[in-house]
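Here is a short briefing on a ligand site and a helix pair. Please look at the model first.

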Amino acid sequence: MQKLVIKGGAPLYGELVNQTAKNAALPIIAACMLTEDPIVIKDCPHLKDIDAMLNIMRHLGCSAYFDGDDLNVCCRDVTLNVINADLTGKLRSSIFILGSILSRCRSAYISHPGGCEIGLRPIDLHIFGLKALSVKIEDDGGVICCDGSKMKSAVVNLDFASVGATENLMMAGALLDGETVIVNAAREPEIVDLAQFINAMGGRVRGAGESIIRINGVKKLHGCTYRPIPDRISAGTYLAAVALCGGDALIKNVVPEHVFGITERLKKSGARLTVKNGAARIASDGRPRAVHKLETNVYPAFPTDMQPQFCALLSCAQGSSVIVENLFENRFGYTGELVKMGAKITVKDRIAVVTGVDGLHGATVKACDLRGGAALVIAGLKADGVTDVIDVEHIDRGYQNIEQAFRLLGGNVERVNR
Ligand code: EPZ
């Protein structure tokens with residue numbers, strides 16, 4: 001077990017190169033199964049979630065190895081189509097691999113991924129969508145048995161614009177005769193990136209980024225070399241840290257329109273921000289202003305994956321703010337840890353009321369999930385004194401070497417074995 005020891009209270013100055021997007025790389029790795037040819041994923045981030053995904057791919061018979069930051073994946077020999085509980089338990093979002101296994105093997109057996117710290121994470125939309133493609137599915141609550149021997153293209157109407165379900169259906173339709181249409185598709189940048197990856201393999205996906213995606217199946221897909229998009233959430237996390245602590249920093253490797261929902265709120269909280277030429281420059285006096293109400297929602301609204309980090313920012317704002325979490329039913333677990341540092345936050349169901357305080361003080365706090373853990377790190381950078389963030393493994397799921405990133409911004413952060 002490891003912890004981060006953070007000596008806070010100082011503004012942040014410096015620059016860093018932002019990582020490639022975890023939530024783009026994960027479905028792209030799954031989509032490698034759509035071809036027998038080798039694939040190179042450039043600048044793939046070194047993350048625990050990526051490692052968990054690669055273990056699932058290797059379990060199925062694929063080869064996968066890093067050559068520096070480039071990830072080489074080859075699914076020439078897919079020898080298995082069964083994903084058991086210990087694999088799905090380590091990566092609940094792995095459910096979207098169903099679509100690529102069904103495209104390749106036409107049958108699949110996957111254990112229920114189960115819930116996680118931020119919510120139940122149901123998969124009813126995934127099941128509904130695959131059934132609409134005539135996949136026969138039996139689900140005894142433990143193992144989901146999928147028979148895709150008679151699967152065929154269709155129009156699929158999603159009740160909710162689920163990111164994972166959209167990804168599953170894009171991969172399920174990529175090699176299906178005819179046109180699969182996803183109505184009410186997720187519009188996140190990671191969806192567009194997956195479509196561009198499938199098209200780079202010779203696929204025919206149109207409309208990604210809009211609410212209607214059309215996938216015209218092809219007979220075969222070929223290998224390619226592909227660089228996924230930058231991570232809009234890790235970029236937002238570093239920007240929120242500077243907005244909270246004060247300072248002046250340059251975050252390189254950022255796509256402006258992908259972070260627009262984040263940077264506009266940071267500006268409203270008083271930070272001075274410009275995003276151009278693939279980089280975001282932020283300056284702040286470290287005294288953020290409250291935002292009357294902040295609601296999370298699907299892209300391009302304010303992203304749920306930035307909610308905890310923004311709550312840490314607002315905990316030291318002048319005035320009170322209300323945060324409404326519309327995506328996940330249990331995503332305020334981290335607030336109790338911020339209160340240990342002096343924050344004033346009350347939570348009821350999906351609403352948090354944050355009363356800004358003049359400052360925070362160091363404490364020993366526990367990361368309970370990926371983004372909640374990141375929120376504790378930026379709060380520690382703000383706090384006077386020393387903050388120990390334990391269970392840093394949660395944070396390593398989605399941030400590549402977070403202590404190194406903040407040291408590049410002048411933060412005093414050390415990783416220590418407990
Ligand atoms: C993706 O999760 C991301 N993960 C999440 O990031 C992100 O928070 C989420 O999209 C929303 O943007 C990856 O891309 C690996 P959803 P996903 O399906 O696909 C409900 C992080 O921190 N739902 O859009 O699971 C669900 O309960 C992670 O990097 C159903 O009801 O998100 C939730 O309320 C956390 N039935 C909402 O939809 C379903 O079948 C959003 O889920 C599927 C989802």
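An oxygen atom of the ligand sits 2.8 Å from a polar backbone atom of glycine 164; a polar contact is a pair of N or O atoms within 3.5 Å. This is a predicted model: local features need pLDDT of at least 70, side-chain atom pairs count only at pLDDT 80 or more, and totals for chains, interfaces and linings use all residues. Residues are numbered from 1 along each chain as its sequence is written, and side-chain values use heavy atoms, with hydrogens and water left out.

**Ligand contacts**
- Lysine 22 places a polar side-chain atom 2.9 Å from a ligand oxygen atom.
- For arginine 331, a polar side-chain atom lies 3.4 Å from an oxygen atom of the ligand.
- The protein buries 87% of the 820 Å² that the ligand exposes when taken alone (Shrake-Rupley method, 1.4 Å probe).

**Ligand shell**
- α1 (22–31), α5 (124–132), α6 (163–173) and α12 (370–382) each give two or more residues to the shell; helices are DSSP runs (H or I, at least four residues), numbered from the N terminus.
- The ligand is surrounded by 22 residues, each with a heavy atom within 4 Å of it.
- The closest are Asp124, Leu125, Ser162, Asp305 and Leu327.

**Helix pair α1 and α2**
- α1 and α2 (residues 48–59) pack at about 5°, with axes 10 Å apart; axes are lines fitted to C-alpha atoms over the stretch in contact, and angles run from 0 to 180 degrees between N-to-C directions.
- The two helices are therefore roughly parallel (angles under 35 degrees).
- α1 brings Lys22, Ala25, Leu26, Ile29 and Ala30 to the contact (heavy atoms within 4.5 Å).
- α2 brings Asp49, Ile50, Met53, Leu54 and Met57.

Definitions and conventions. Polar contact = N/O pair within 3.5 Å; in protein donor to acceptor, adjacent residues only side chain to side chain. Parallel < 35°, antiparallel > 145°, perpendicular 65-115°, else oblique.
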